[in-house]
Amino acid sequence: MLGAGAIPATSYLDIEVHGSTPSALISNPAHGLTGVIRVPGDKSISHRSLMFGAVAVGETRASGLLEGEDVINTAKAMQALGAKVERSADGTWRIQGVGVSGLMSPKGDLDFGNSGTGVRLALGLMASTPLIARCIGDASLSKRPMGRVTVPLSELGARFETAEGNRLPLTLHGAKHAVPITYTLPVASAQVKSAVLLAGLNTPGRTTVIEPVATRDHTERMLKAFGAEIAIEKRAQGRHIMITGQRELKAQIIDVPADPSSAAFPMVAALITEGSDITISNVMLNETRTGLITTLIEMGGDIAVLNRRLAGGEEVGDLRVRSSKLKGITVPATRAPSMIDEYPALAVAAAFAKGTTHMAGLEELRVKESDRLAAVEAGLKANGVATRSGPDWLAVDGGAVEGGAEVKTHLDHRIAMAFLVMGLAARKTISVDDGATIATSFPHFAKLMNGMGCRIEPRP
Ligand code: S3P
């Protein structure tokens with residue numbers, strides 16, 4: 001686990017981020033959360049800054065990077081593949097890239113810890129270069145499906161040896177002569193889209209991804225900023241994203257905005273905790289990521305977006321959130337891709353809302369860091385909240401929440417944070433069996449929340 005202090009220059013390489021010791025946390029009822037806070041940098045942009053920087057020409061500099069375990073593992077992987085990755089004492093990350101064809105076989109295994117984004121995007125990045133890399137991950141990542149990326153990357157010419165069921169550990173043999181493909185996404189997944197586009201970077205000719213349902217577009221936006229030849233057309237079958245390969249990328253200076261998926265937790269905390277008034281600053285408001293804000297406002301949440309502005313090619317703003325009387329609503333399935341990581345937080349808000357909240361289009365929740373639909377439902381039920389569910393939907397009957405139970409997190413950071421937030425407004429304390437996993441995406445979560453008036457503590 002990352003320690004609480006700042007990381008001195010380059011020392012991130014020594015940080016042991018795999019196999020952390022579980023530690024139970026307890027969240028006590030709270031009142032009147034206040035403060036102006038900044039949550040960590042966006043996880044999607046942080047991974048991409050390191051990866052795109054690793055194959056660009058020159059030195060990419062990224063500030064505001066999320067220094068969570070998932071991203072640190074990506075930094076280590078890029079270093080192992082030949083890029084030079086350093087962290088300056090002022091918190092700026094500097095990445096010396098090796099060019100789109102310059103990645104080399106790593107000496108040891110690439111350990112992606114808990115991160116699906118890390119491993120799936122890296123597989124794409126490596127697939128069109130003739131290198132050999134063995135990828136591993138923690139118990140959660142080792143259960144997650146990799147076929148969704150190995151299938152299109154094999155079409156392109158890469159070869160894979162995988163564990164049973166197309167899972168990790170997995171050895172990639174990158175293509176010597178990659179061929180461009182046109183691939184229609186069978187699942188709404190930005191990770192799969194990105195893996196194919198990144199493989200396209202070192203593939204001659206034009207690689208095309210067709211996206212029937214729009215997913216987060218950071219890869220397209222950032223590759224364009226790095227100077228990639230990339231074109232996007234909206235057609236009847238969906239968005240066509242075309243990349244012309246074997247063109248060098250130019251190093252960039254990146255200011256990573258705050259992660260809306262992390263902002264989700266203090267946002268819901270302030271809504272459900274009486275007497276609260278908080279501001280979360282510099283949150284990314286890319287419309288492929290703001291489904292939760294739309295939904296909470298529809299539920300009656302008092303959320304004001306202040307100082308909307310453009311920063312580094314993304315819209316950002318400050319969110320002022322005050323306690324609110326929420327009401328249950330139906331959340332359309334079409335909104336799921338724009339809030340796919342936010343359902344645990346939404347389900348907690350729904351537990352305090354008057355009436356029932358129906359959520360549909362949740363099939364992808366089954367293959368996240370845990371089966372999030374099952375984990376959320378089990379946590380709600382254990383704490384006295386009535387729920388119903390199907391393969392891809394969840395209904396939550398809101399009202400007063402009894403609390404009092406321990407929630408199993410299944411190595412899933414968002415399950416841990418969601419239920420610690422639920423403890424703030426439940427009648428009795430709520431605990432989670434493992435808070436260590438929170439460090440994958442939100443280091444110092446408890447400290448930041450406690451600074452606003454929460455009491456999240458190690459469980460005695
Ligand atoms: C991510 C895409 C999403 C999301 C993940 C980050 C990304 O996964 O759940 O946390 O950075 O591309 P899918 O694309 O598989 O839905």
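Student: Which residue of strand 14 stands opposite Arg206?

Tutor: Thr244 stands opposite Arg206. This is a predicted model: local features need pLDDT of at least 70, side-chain atom pairs count only at pLDDT 80 or more, and totals for chains, interfaces and linings use all residues. Residues are numbered from 1 along each chain as its sequence is written, and side-chain values use heavy atoms, with hydrogens and water left out.

Student: How do you know that strand 12 and strand 14 pair?

Tutor: Two strands pair if DSSP finds at least two bridges between them. Strand 12 and strand 14 (residues 238-244) are joined by 6 bridges and run antiparallel. With 6 bridges against at least two, they therefore pair.

Student: What makes a strand a strand here?

Tutor: DSSP runs, numbered from the N terminus: E of at least two residues for strands, H or I of at least four for helices.

Student: Why is strand 12 called mostly covered?

Tutor: Of the 6 residues in strand 12 (residues 206-211), 5 are buried. Buried means under 20% relative accessible area, exposed over 50%, partly exposed in between (1.4 Å probe, protein chains only).

Student: In what sense do strand 11 and strand 12 pair?

Tutor: In the parallel sense, over 3 bridges. Ile210 of strand 12 is the bridge partner of Thr184. Between strand 11 and strand 12 the chain passes through helix 5 (residues 190-200), and this β-α-β crossover is right-handed.

Student: What makes a crossover right-handed?

Tutor: Point the strands away from the viewer: the path from the first strand over the helix to the second runs clockwise.

Student: Why does Thr357 count as buried?

Tutor: Thr357 has 0% relative accessibility, so Thr357 counts as buried. Thr357 sits in strand 21 (residues 356-360). Leaving out residues up to four places away in sequence, Thr357 touches several residues, among them Met299, Ile329, Val331 and Leu394. Contact means heavy atoms within 4.5 Å.

Student: How do the residues lining the second largest cavity divide?

Tutor: Into 8 nonpolar, no polar and 1 charged. Ala, Val, Leu, Ile, Met, Phe, Trp, Tyr, Cys and Pro count as nonpolar, Asp, Glu, Lys and Arg as charged, and the others, Gly among them, as polar. The lining includes Tyr343, Met359 and Arg372. Arg is on the charged list, so Arg372 counts as charged.

Student: Which residues lie nearest the centre of the largest pocket?

Tutor: Ala188, Ser189, Ala190, Ile340 and Lys368, out of 39 lining residues. The lining of the largest pocket divides into 12 nonpolar, 11 polar and 16 charged.

Notes
1 Å grid on protein atoms, 1.4 Å probe; cavity = no way out; pocket = protein on both sides within 12 Å on 5 of 7 lines; lining within 4 Å.
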